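Here are my notes on the model you sent over.

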Amino acid sequence: ANSLVRGVVINRASSIGLDFQGASGGSVVEGSYFGLDYAGAAISSIGAYAVLVSSSSITVGGALPAARNIISGSGSVALYLNGVSGAVVRGNYIGTDAAGANDRFNGSFAVYSSGALSPIIGGAGAGEGNLISGADFGIGLYLNGSGELVQGNRIGTDSTGTSAIPNSIGVAATGSTGILLGGTAAGAGNLISGNLNWGVQVSSAPAMLIQGNRIGTRPDGLTA
């Protein structure tokens with residue numbers, strides 16, 4: 001519990017790069033590269049999951065640039081929230097290089113939340129949003145999760161929000177309840193653009209609220 005992982009490079013794992021299990025709540029992962037070389041530029045891949053979180057109250061990233069993790073080059077899922085509660089994912093670049101300018105493809109999902117309770121992915125504050133691009137699914141919210149808060153992210157673009165680094169599907173929600181995607185507060189809306197198929201795909205997600213997002217535009221909301 002309450003461990004700190006900071007400033008490390010983890011790559012070339014055949015299965016999992018970093019795995020939090022059991023009573024590791026309160027831990028923080030920040031300022032690290034997963035699935036890339038030490039310069040954050042070239043893929044040095046991880047076989048299955050770059051970061052697997054199976055313990056509650058883990059924070060991955062943060063609002064300051066120094067806290068940003070770059071999580072890319074995974075064979076299956078970059079960041080897997082597995083049945084946890086209270087996880088916070090903020091300020092990360094997932095599926096790109098360290099500059100947020102080029103595709104460093106993750107396999108199936110950039111962020112996969114399965115049965116998670118009240119995870120926060122992004123945030124309305126400065127620097128809290130994640131860049132989530134270059135995967136089959138940008139964010140997947142699945143399997144009896146509830147209360148997911150997804151705000152302030154750029155999904156399917158580069159870090160500027162003006163060029164596409166596409167996911168096939170930006171956000172997919174299936175079998176999860178009470179999701180808030182966006183919101184009315186300043187900075188709460190997500191930019192979901194440049195994706196190849198669906199921007200947002202919703203199936204059997206009761207009480208989901210989609211609000212205040214820009215879907216298919218640049219950040220100005222005026223140009224494609």
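1. A term to start with: a residue counts as buried when its relative accessible area is under 20%, as exposed when it is over 50%, and as partly exposed in between. Tyrosine 112 comes out at 14%, so it is buried. Please keep in mind that this is a predicted model.

2. Now the sheets. One is open, has 7 strands and runs in the order S3-S6-S9-S12-S15-S18-S21, paired in parallel. Its edges are strand S3 (16-20) and strand S21 (200-203), each of which pairs on one side only. Neighbouring strands here are turned by 10 degrees against each other on average, with direction ignored.

3. To look at a pairing in that sheet, take strand S6 (residues 49-53) and strand S9 (residues 77-82), which are parallel and share 4 bridges. Valine 53 sits opposite leucine 81 of S9.

4. There is also an open sheet of 8 strands, again with parallel pairing, in the order S1-S4-S7-S10-S13-S16-S19-S22. Strand S1 (4-6) and strand S22 (209-211) are the edges, each pairing on one side only. From one strand to the next, the twist averages 5 degrees. Within this sheet, strand S16 (residues 149-151) and strand S19 (residues 180-182) run parallel and are joined by 2 bridges. Leucine 149 has leucine 180 in S19 as its bridge partner.

5. Where does serine 176 sit? You'll find serine 176 in the loop between strand S18 (169-174) and S19. Despite being in a loop, serine 176 has 0% relative accessibility and so counts as buried. Its side chain makes a polar contact of 2.5 Å with the side chain of glutamate 148. Beyond its neighbours within four places in sequence, serine 176 is in contact with several residues, including Leu141, Tyr142, Ser204 and Pro206.

6. On packing: nonpolar side chains tend to be buried together in soluble globular proteins. The largest nonpolar core in this model has 38 residues, and Phe34, Ile71, Ile132 and Ile139 touch the most other members. S3, S6, S9, strand S12 (109-114), strand S15 (137-142) and S18 are the elements that give two or more residues to this core. A second, separate core has 8 residues, among them Leu52, Tyr80, Tyr112 and Ile169. Back to isoleucine 71: leaving out neighbours within four places in sequence, its contacts include Phe34, Ala50, Val51, Ala78 and Tyr93.

7. How many aromatic pairs does the structure hold? The count is 6. Tyrosine 49 and tyrosine 80 make an edge-to-face pair, 5.1 Å centre to centre with 80 degrees between the planes. Tyrosine 49 is in strand S6 and tyrosine 80 in strand S9, so this pair ties together parts that are 31 residues apart in sequence. Tyrosine 49 is partly exposed, at 24% relative accessible area, whereas tyrosine 80 is buried at 13%.

8. Phenylalanine 109 and tyrosine 112 form a tilted pair, because their ring centres are 4.6 Å apart and their planes stand at 50 degrees. Phenylalanine 109 counts as buried, with 12% relative accessibility.

Note on methods
Residues numbered from 1 in each chain as written. Predicted model: local features only at pLDDT ≥ 70, side-chain atom pairs only at ≥ 80, totals over all residues. Heavy atoms only, no water. Pairing = 2+ DSSP bridges. Axes fitted to C-alpha atoms, helices over the stretch in contact; angles between N-to-C directions. Buried < 20%, exposed > 50% of the residue type's maximum accessible area, 1.4 Å probe, protein only. Polar contact = N/O pair within 3.5 Å; in protein donor to acceptor, adjacent residues only side chain to side chain. Contact = heavy atoms within 4.5 Å. Core = buried A, V, L, I, M, F, W, Y, C linked by side-chain atoms within 4.5 Å. Phe/Tyr/Trp six-rings, centres within 6.5 Å; stacked < 30°, edge-to-face > 60°.
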